[in-house]
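Here's a quick briefing on some helix packing and a couple of pockets. Have a look at the model first, then read on.

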Amino acid sequence: MAEMTKRTLPGSLVVSSRLKTVCVVLMFLGVVTFAVTLLKDPDRAWHGYLAAYFFFFTIALGGLFFTAVQHLTKAGWSVNVRRFCESFTAYLPVAAVGAIGIVFGSRYLYEWMDKAKVAGDELLLHKSSYLNSNFFYFRLVLFFALWLMFAFKLVGFSVRQDETGDEKLTHKTVPWSIAFLLVFALSYSLFGVDLLMSLQPHWFSTIFGVYLFAGLFQSTIAAMILLIQYCQRKGLLVGFVDENHMHDLGKFLFAFTVFWAYIAYSQYMLIWYANLPEETLFFLPRLTGPWTYMSASLLLFKFVVPFLALLSRRAKRDPSMLAAVSILILVMQYVDLHWLIFPNLNSQEVLLGVPELLIFGGFAGAFLFTVTRFLSKHSLVPVKDPRIQESLHHHVVY
């Protein structure tokens, strides 16, 4: 602690009135746009809602996943950046409320919600023991109850330690982290199946949950990098977060760029090679017609460009390069979700315009508001964490 007294403690983020206004305006425009689109074209409105909803939910849950991994591995290097991924979890209660919207929009999104269609379709009838409204609603409630409980515990231990300095709180996070990661593996996979894969209930992929996880972690790291850089530009992390911490985050970003490409290729290659009608029906509309260009953009801008941009050591330590790649990855994460969701609505036209962008903006406003509010109430760095000295002296030599 003697060394800590020589450093200017980071304190909390002061949220400017301008940023608050931007968040409120984005939320207002998003709500109005959704309402207008709902009156004109409810199918398009709910598909746009689902894409934007899932995008920000994955970052929030990804923040909890990253937090749990750091506690489980007893990582010291990440102590000074861990509060930022913890801040993402502040959005989870909003996501829980937003899930009510999915419930109301489910009849526009999922054909298996229509009992008449299920009765006339042998495959849907076969899957009805899992794909039915009551069980779907139960799973939504169960998953969010579990995620919110783990967020309350893991993040609660961390912020409480800021006040008490009790080292026992750090040890308490380990069993909770183990339990969460076990729950996460199953719950997030099933959540992805429920909300996204069941949009096309005749199709299935046993690797779909892993594909979504790759996008979750990749986009979470990208969001962390941008948020940390925002605070660095305000001079709030001097002496606590430097290019060594950002280098490690850059390595995570690079690694999961490769991992996403590997999983995406594995899913595509196995389906292409088998050439079974019940599997190829997912890729056929995405590889023919107007969706072909979006499919190609995913390969180019979610893998090739980030891979080449982050290949060198220098790039991972360059703030401008990290920021540019992070922004690109977040953009392509939304494109990826749009690519998963919208061909089920219209395979002959790419519906990506003002309604989708403004609805996305509404969710962005809510996400930024909750995250910055969390950071304004808590220290940006858990300064009483017993492993903080390791983070203060962190150096990357490879």
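A word on angles before we start: axes are lines fitted to C-alpha atoms, for helices over the stretch in contact, and the angle between N-to-C directions runs from 0 to 180 degrees. Keep in mind that this is a predicted model.

**Helix 3 against helix 5**

- Helix 3 covers residues 42-72 and helix 5 covers residues 92-109; their axes sit 10 Å apart, at an angle of about 150°.
- Angles over 145 degrees count as roughly antiparallel, so helix 3 is roughly antiparallel to helix 5.
- The crossing of helix 3 past helix 5 is left-handed.
- On the helix 3 side, the contact residues include W46, Y49, Y53 and F57, as well as P42 and D43.
- Helix 5 brings L92, I102, F104, Y108 and L109, among others, and its glycines in the contact include G98, G101 and G105.
- Sorted by class, the residues of this contact come out as 16 nonpolar, four polar and one charged.

**Helix 10 against helix 11**

- Here the axes come within 9 Å, and the helices cross at roughly 155°.
- That makes helix 10 and helix 11 roughly antiparallel to each other, therefore.
- Helix 10 passes helix 11 in a crossing that is left-handed.
- The contact of helix 10 with helix 11 has 20 nonpolar and seven polar residues, with no charged ones.

**The largest pocket**

- Its volume is about 660 Å³.
- A total of 20 residues line the largest pocket, and A223, L226, L227, L330 and L368 lie nearest its centre.
- Helix 2 (17-40), helix 3, helix 10 (208-233), helix 15 (319-341) and helix 16 (354-377) are the elements that give two or more residues to this lining.
- Which helix gives the most to the lining of the largest pocket? Helix 16 does, with six residues.
- The lining has 18 nonpolar residues, plus one polar and one charged.

**The second largest pocket**

- This one has a volume of about 380 Å³.
- The second largest pocket is lined by 16 residues, with A264, Y265, Y268, S295 and L299 lying nearest its centre.
- Two or more lining residues come from each of helix 11 (243-274) and helix 13 (291-309).
- By class, the lining of the second largest pocket is made up of 13 nonpolar and three polar residues, and no charged ones.

Conventions: Residues are numbered from 1 along each chain as its sequence is written. This is a predicted model: local features need pLDDT of at least 70, side-chain atom pairs count only at pLDDT 80 or more; totals for chains, interfaces and linings use all residues. Side-chain values use heavy atoms; hydrogens and water are left out. Helices (H or I, at least four residues) and strands (E, at least two) are DSSP runs, numbered from the N terminus. Angles under 35 degrees count as roughly parallel, over 145 as roughly antiparallel, 65 to 115 as roughly perpendicular and the rest as oblique. A crossing is left-handed if the near helix is turned anticlockwise from the far one by less than a right angle, and right-handed if clockwise. Contact means heavy atoms within 4.5 Å. Ala, Val, Leu, Ile, Met, Phe, Trp, Tyr, Cys and Pro count as nonpolar, Asp, Glu, Lys and Arg as charged, and the others, Gly among them, as polar. On a 1 Å grid over the protein atoms alone, a cavity is a set of points where a 1.4 Å probe fits but cannot get out, and a pocket is an open set with protein on both sides within 12 Å along at least five of seven lines; lining residues have an atom within 4 Å of a point. Grid points are joined across faces, edges and corners, and a volume is the space filled by probe spheres set on the points.
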